[in-house]
Amino acid sequence: MWIVNFDQTSGPVSVASGCGKTTALRILAGFEIADAGSVTVNGKDISPVPAAKRDMGMVFQSYSLFPNMSAMENVGFGLRMRRMAAAERKRRAGELLEMVGLTEHARHYPHQLSGGQQQRVALARALAIEPQVLLLDEPLSALDAKVRLQLQEQIRSMQQRLGTTTLFVTHDQEEALSMADRVGVMKEGKLEQIAMPDHLYAHPATAFVAEFAGTMNRVPGELTDAGQVRALGTVVPVHGDQPGGALTEVDVLVRPEGLKIEAVPGGNGIVTGRAFLGSVTRISVRLSGDVTVKVDHPSADAGSFAPGTSVRISLPGAAVLVTQRR
Amino acid sequence: MAAVTDAASPPTRTAAARAGRRRSLPVWRWVILLGAGIYFLIPLYAALRFSGFGTFGQVFSQVGFSDALILSVKLAVVTTAATLVLMVPTTIYVHLRLPRIRPLLESITILPIVIPPVVLILGVLDVSPPSLKGTPYLLALIYVVLAMPFAYRSLDAGLRALDLKTIVDASNSLGPAGRSRCGGSSCRTCARRCCRPRC
């Protein structure tokens, strides 16, 4: 696998999608040994440092609380390993339990807590040792949607309050885009792109990132000699790398909000469906060649695009990403 | 608080009627219960009848009873301690470091069930230290071997439910002494869970 050096960041980085994310996290934590490469934190190579001395807190996907200890004892475990005095340890653990909203459950054992409560205790336990880096390995994937949303907000607010560099691994793109200061997308063990969520969404570096982060349409196009692409009757510039070789037939990747739709007789598409999403309506259009695209249009005007309506779909003119045709 | 009822809704069964329905069993279940009762109770009655009902009251006053009881308790304690000392760390180590040999370990630990006890005893006699031979504590070694299949399976089932690897990783991330502390703690939790009588 590719070995990735994560630079110290001032905020969280989410590594989403693809295989290798958990392995990369475990290498960072010191639970796995990389075949090659190094792990550096603050410019210091910690590759030979054992996991117990890396000063990294970790929260796992499966609830990793010690079953024979109460919530308070779980949170205080790391402090006990650091030989903190009992009174100070109790005070600190109490503070952290209050931060995660579980003061009244301090004496409860893991089997007496719900999944969300257990993960909050696990988070408090990881933060108790004041780690340099906090690692979260899909901590919310085993929880239901409502609890997951609550914990997302809680993790985000705690991270901002404490200022701890946090690496959050998830396969949920919405979770990654909504929580992170910077998002990294991994494919087959290699980081395809690290960027701020809005930049990642608007300017994906590769077709994989483009299709991973949000909905993406694939429209047939042809490369021109001038390094542009002709698609949907329009010639637009190409953003990013072009497919190698002598290929001229490509697929143009464009977001639903990046397409323009007009209701005209004899257009290049027929509306096949509509989905109301609030302020926008997502309109499905079948183009010639059995290609279907989704276009976002303000809901106030979407009434004129009933199923069966003839429309013209075009590209506004902004640079687009192209990839090899499927 | 006044109860609100809907006049159009069908009448509900009373609690007493529902309880009565739960208590009555089909006839064939009574037949099976009676047959099972006879199968288990008649031999017990026969044993009591043969030995005499008054005999059991004299057991406690028999010569050597207290010595035999104390020896039995000692052997039980030694056997239990030896089984736990041998099996708990081994099972934990295999779960953490050598999961691939678990099928092999399962096969080995089932051998005491398939090998005749006489052969097992001869084997234990052959390898036991000379200081134990001729003492009652040799029995403890034999009991450890005989109890091994049940002890291993109980521990294995408990550890599988524990997600031990994640717990050890978590403890490892919390500090230098975390792993050994957690290892000891896990041993105690595992032993407690797996040795708890299951009613």
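**Helix packing and core**

Guide: In chain B, the axes of helix α4 (residues 65-97) and helix α9 (residues 164-173) come within 9 Å and cross at roughly 85 degrees. Axes are lines fitted to C-alpha atoms, for helices over the stretch in contact, with angles from 0 to 180 degrees between N-to-C directions. Helices are DSSP runs (H or I, at least four residues), numbered from the N terminus. α4(B) is therefore roughly perpendicular to α9(B) (65 to 115 degrees).

Visitor: Which residues make the contact of α4(B) with α9(B)?

Guide: Two packed helices are described by the angle and the distance between their axes. Here I92(B), H95(B) and L96(B) of α4(B) meet L164(B), K165(B) and V168(B) of α9(B); contact requires C-beta atoms, placed from the backbone, within 7 Å.

The model is predicted: local features need pLDDT of at least 70, side-chain atom pairs pLDDT 80 or more, while totals for chains, interfaces and linings use all residues. Residues are numbered from 1 along each chain as its sequence is written, and chains are lettered from A and ligands numbered from 1 in the order written.

Visitor: Which members of the largest nonpolar core touch the most others?

Guide: In soluble globular proteins, nonpolar side chains tend to be buried together. Of 88 residues in this core, V75(A), L97(A), A124(A), L135(A), V252(A), L253(A) and V320(A) touch the most other members. A core joins buried Ala, Val, Leu, Ile, Met, Phe, Trp, Tyr and Cys residues through C-beta atoms within 7 Å; buried means 20 or more other C-beta atoms within 10 Å. Helix α4 (residues 115-128) of chain A gives the largest share, 7 residues. Beyond neighbours within four places in sequence, V252(A) contacts V219(A), G221(A), V229(A), A231(A), V320(A) and V322(A).

Technical notes
Helices (H or I, at least four residues) and strands (E, at least two) are DSSP runs, numbered from the N terminus. Angles under 35 degrees count as roughly parallel, over 145 as roughly antiparallel, 65 to 115 as roughly perpendicular and the rest as oblique. Two residues are in contact if their C-beta atoms, placed from the backbone, lie within 7 Å. A residue is buried if 20 or more other C-beta atoms lie within 10 Å of its own, exposed if 12 or fewer, and partly exposed in between; C-beta atoms are placed from the backbone.
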